[in-house]
Amino acid sequence: MEQLICRNLTLGYENSPILTGLSFSVNCGDYLAIVGENGSGKSTLLKTILGLIKPISGEVLFADGLSRKDIGYLPQQTVVQKDFPASVTEVVLSGCASRMGLRPFYTKSEKALAAENIEKMGLKGLEKRSYKELSGGQQQRVLLARALCATQKILVLDEPVSGLDPIVTQEMYELIEGLNKSGITIIMISHDVKAATNYANKILHIGKEIFFGDKSDYLSSGAFMGKVNL
Amino acid sequence: MMEIFKTLADYFQYDFVVYAFVVGILIALCAALLGVTLVLKRFSFIGDGLSHVAFGAMAVAAITNLTNQMVIAMPVTVLSAILLLRSGQNAKIKGDAQVAMLSVGALAIGYLLMNVFPTSSNVSADVCTTLFGSYSILTLSSVDMWICVVLSIVVVAIFILFYNKIFAVTFDENFAKATGTPSEAYNLLIAIVIAVVIVLAMNLVGSLLISALIIFPALSAMRVFKNFKAVTICSAIISVVCAALGIVISILLGTPVGSTIVAVDIVAFGGFFIAGAVIKR
């Protein structure tokens, strides 16, 4: 079942396109890795999928009853957050904010959901701790728990392991794999092609050559070979 | 000690002193609540810029001889807040330069107008009052007070009702937007409320000192507390206590209200800075 369809996208800012003629779709339960060199337009594509910027042409469609509110997003950390006074619970709960509409306060079930996701991400006992005092890996898990509060369907991850040490990176990948196995569709941006091909079942390679398809086809494709020989 | 209480009791028999006290505390409360968001969003300079715009608008209002200057100052400042926020997103001139342009421009035009069309024989005193608040807090009419009270309650109510969304949009605007929260609408709301608070606060501390009222309590609270709710509550308490103390001190010592409140805020910041350093150790 297709959940997200991108049709003939041309991406970029103002009148300088970075990518043209990009089409791909994401099925329910997929683990799609978007790879490509720096500057190839990965972040631009991500922002377009999330609706933060508009494509120059083409369209991003949600199918299978999905809407923008069903997307969970794990962004890269911003400067603001490095010095932001917020407890773990406050950050995770804010994932529920989009579904509130004009209702001013969180319901009991939303608070329970936040507590559940905090536990799922192995953060139990840290609820009252300040976000900015946590380690990089813990902070990523807090943001992942927040994303899970926003959705149970589709997660968009922007370089989820950047800045993490090898052991924590491994843990993070396993955590994401577990979420995917529990039925959540994953779209992950990564410059780590090896890890991407390890975990994902679909690959979208963007750059001079564009490849979209199953992992096994990617491994024998020119786009992958070119990347490896670099 | 008894004498101090007696002096205060004497003062508080007068309506205008009570008005000043009530208004001062409400404005301090609003400024502190919004201050937390403003500081965290890195919008402090916008608050500063808007206060200068409010000065220009007040000057225009003064020469039109309106009985209530807020009638002009409020819409102009709200409009500027919206413009600043809008243009910040896709600007040809960078945001900070724009704010600087707008604020010095408004200051210059305001001062020029006050001199070209003097409304009293002592222009310098008028300018000084608008810039530093001086004693204007004690000349509030009951109409002014009620406007302040009503608007303050509206501001506090908006803050409480939208507290969770304000947090979400302040902590991570992209996440909020990507998951379907209308973050532009909330940014707009925040900008409008800030403009309202600034115009209200002009009565208390004058346009040059408003920023202090907005940023000091938030920064003080952040030295000690590490979660958003605690920072917000603590900042509100600091601000209210400092405003109350400042007004009382200014009555007892005959010092200008605005700068006295800010001085108390600075002392409080020093205290919290030290407390924060001690806790960390």
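The following legends describe close-up views of a predicted model.

Local features are given at pLDDT of at least 70 and side-chain atom pairs at pLDDT 80 or more, while totals for chains, interfaces and linings use all residues. Residues are numbered from 1 along each chain as its sequence is written, and chains are lettered from A and ligands numbered from 1 in the order in which they are written.

**View 1. The open sheet of chain A.** Six strands of chain A form an open sheet in the order S5-S6-S7-S3-S8-S9, with mixed pairing. Its edge strands are S5 (71–74) and S9 (211–214) of chain A, each pairing on one side only. From one strand to the next the twist averages 15°. Strands (E, at least two residues) and helices (H or I, at least four residues) are DSSP runs numbered from the N terminus; two strands pair if DSSP finds at least two bridges between them.

**View 2. Strand S3 of chain A and its neighbours.** S3(A), residues 31–35, is joined by four bridges to the parallel strand S7(A), residues 185–189. S3(A) also pairs in the parallel sense with S8(A), residues 202–205, over four bridges. A:Ile34 has A:Ile189 as its bridge partner in S7(A) and A:Leu204 as its bridge partner in S8(A).

**View 3. Burial of strand S3 of chain A.** Five of the five residues of S3(A) are buried. Here a residue is buried if 20 or more other C-beta atoms, placed from the backbone, lie within 10 Å of its own. In a regular strand the side chains alternate between the two faces of the sheet. On one side of S3(A) the buried residues are A:Tyr31, A:Ala33 and A:Val35, and on the other A:Leu32 and A:Ile34.

**View 4. Strand S6 of chain A and the packed helices.** S6(A), residues 154–158, pairs with S7(A) in the parallel sense over five bridges. A:Leu155 stands opposite A:Ile186 in S7(A). Helix H5(A), residues 136–150, packs on the sheet, touching S5 and S6 of chain A, and its direction makes about 170° with that of S5(A). Helix H6(A), residues 166–181, packs on the sheet and touches S3, S6 and S7 of chain A, with a direction at about 150° to that of S7(A). Axes are lines fitted to C-alpha atoms, for helices over the stretch in contact, and angles run from 0 to 180 degrees between N-to-C directions.

**View 5. The contact of chain B with chain A.** The contact takes 25 residues from chain B and 28 residues from chain A; two residues are in contact if their C-beta atoms, placed from the backbone, lie within 7 Å. On the chain B side, helices H8 (163–171), H9 (173–178) and H12 (228–253) each supply at least two residues.

Methods
A residue is buried if 20 or more other C-beta atoms lie within 10 Å of its own, exposed if 12 or fewer, and partly exposed in between; C-beta atoms are placed from the backbone.
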